Amino acid sequence: MKTRIFFSLVTLLLLLSVGCQTVSTSVPPTETAVPPLPNPTNTIDPIPTLNTQAFAANQNLGRGVNLGNALEAPSEGAWGLYLQEQYFADIAAAGFDHVRVPIRWSAYADLEPPYTIKPRIFKRIDWVIEQAFAHNLAVVINVHHFEAIMQQPETQAERLAGIWRQIAAHYQDYPNDLYFEILNEPQDNLNSEVWNKIFPQALAAIRETNPERYVIIGPDTWNNVNRLNTLTLPADDRRLIVTFHYYSPHEFTHQDTPSSSTTWGTEADVSALQADFDAALAWSTAEQRPLYIGEFGVHATVPEPSRALWLSTVRAEAEKRGFSWAVWDFGTDFGIYTLHNRKWKDPLLKALIPES
Ligand code: GLC
């Protein structure tokens, strides 16, 4: 692509200089005969325009919530959340812009080509997307907990592409408020070297039917923010949004016993967060790729004021830098909403949506 751009740049400059000579020798330079020449740096390379669109598509995601532990559980409901219509209404009313829907597609897909996906999961996901759209929420669907590909990436790569070929064909006529995220948290044997070889196959399968859909992709090591620079993205696909997950410091966010007492909030804690996000922003600016924090959250056993402080700080630092985000999660172990009485945990909601 770079070579093509370079050649078209050279060709255009040649044409412009030939044009100028023609104009100066054969046509008297009147105001009407010689329109102002376009600035070549603004007109030759289509990438900046398309990137503006990708950044806009990322802003469209805005603030989101993960419907975690529902459709990526072994069966929906087994991990505490069975999706209901009123949740979408409550999420929209609280001021969120989108939902991220983790889905264990691999559990519904045959093991052999063409890896046929069972119609019943499509039916359920159709309903989820319909509910979200009915409440004016954008939707991210992903491939979550595809454990086999983390262990045997080379042999499962074709299956990931086969799964996406079907999902993409099924949703090809849906509006751009539906976003595809190729794979949650590449990890273990799915390291950056292998991941950079594998994800283009899934992306190509998506592009067969969805040339314009925004596709989300993140780096290895569980979508670690410090691994963004290991991603090798196709330069000619400008409809990509890059994601990372943020649970730092892990010993604070993942305390799951009430007796543990790691706190957060010193100046040094905040500086560490800012340093991580500054580095991410520098990468995003240099690569012209918008950033989406697809997950960040604190376990529900952590005292609520500490959770609220961490959530509001991460949220504010993200928004300062133009990152979109989705909190982990809606109503289970990292939840911000209690399912049984349909109530938000107010300090947490305020931390995320200050106007609420
Ligand atoms: C993750 C996962 C998610 C998990 C959460 C909390 O790394 O993507 O499935 O429940 O973070 O640990």
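Q: Where does the ligand sit in this predicted model?
A: The model is predicted, so local features need pLDDT of at least 70, side-chain atom pairs count only at pLDDT 80 or more, and totals for chains, interfaces and linings use all residues. Residues are numbered from 1 along each chain as its sequence is written, and side-chain values use heavy atoms, with hydrogens and water left out. A pocket is an open set of points on a 1 Å grid over the protein atoms alone, where a 1.4 Å probe fits, with protein on both sides within 12 Å along at least five of seven lines. A molecule sits in one if more than half of its atoms lie within 2 Å of its grid points; by this test the ligand sits in the largest pocket.

Q: How much space lies in the largest pocket?
A: A volume is the space filled by probe spheres set on the grid points, which are joined across faces, edges and corners. For the largest pocket this comes to about 530 Å³.

Q: Of the residues that line the largest pocket, which are the closest to its centre?
A: Lining residues have an atom within 4 Å of a point. There are 27 of them in the largest pocket. The closest to its centre are E185, W222, H245, Y247 and E295.

Q: Which residues surround the ligand?
A: The shell divides into 3 nonpolar, 4 polar and 2 charged residues. Here Ala, Val, Leu, Ile, Met, Phe, Trp, Tyr, Cys and Pro count as nonpolar, Asp, Glu, Lys and Arg as charged, and the others, Gly among them, as polar. The ligand is surrounded by H144, H145, N184, E185, Y247, H254, E295, W328 and F334.

Q: What is the distance from an oxygen atom of the ligand to an N or O atom in the side chain of E185?
A: A polar contact is a pair of N or O atoms within 3.5 Å. N184 has a polar side-chain atom 3.0 Å from a ligand oxygen. For the side chain of E295 the distance is 2.8 Å. For the side chain of E185 it is 2.7 Å.

Q: Which helix holds W222?
A: W222 is not a glycine, yet its phi is positive, about 60 degrees. Helices are DSSP runs (H or I, at least four residues), numbered from the N terminus. W222 is found in α9.

Definitions and conventions: A residue is near a molecule or strand if one of its heavy atoms lies within 4 Å of it. A polar contact is a pair of N or O atoms within 3.5 Å; within protein, one must be able to donate a hydrogen and the other to accept it, and residues adjacent in sequence count only if both atoms are side-chain atoms. Helices (H or I, at least four residues) and strands (E, at least two) are DSSP runs, numbered from the N terminus.
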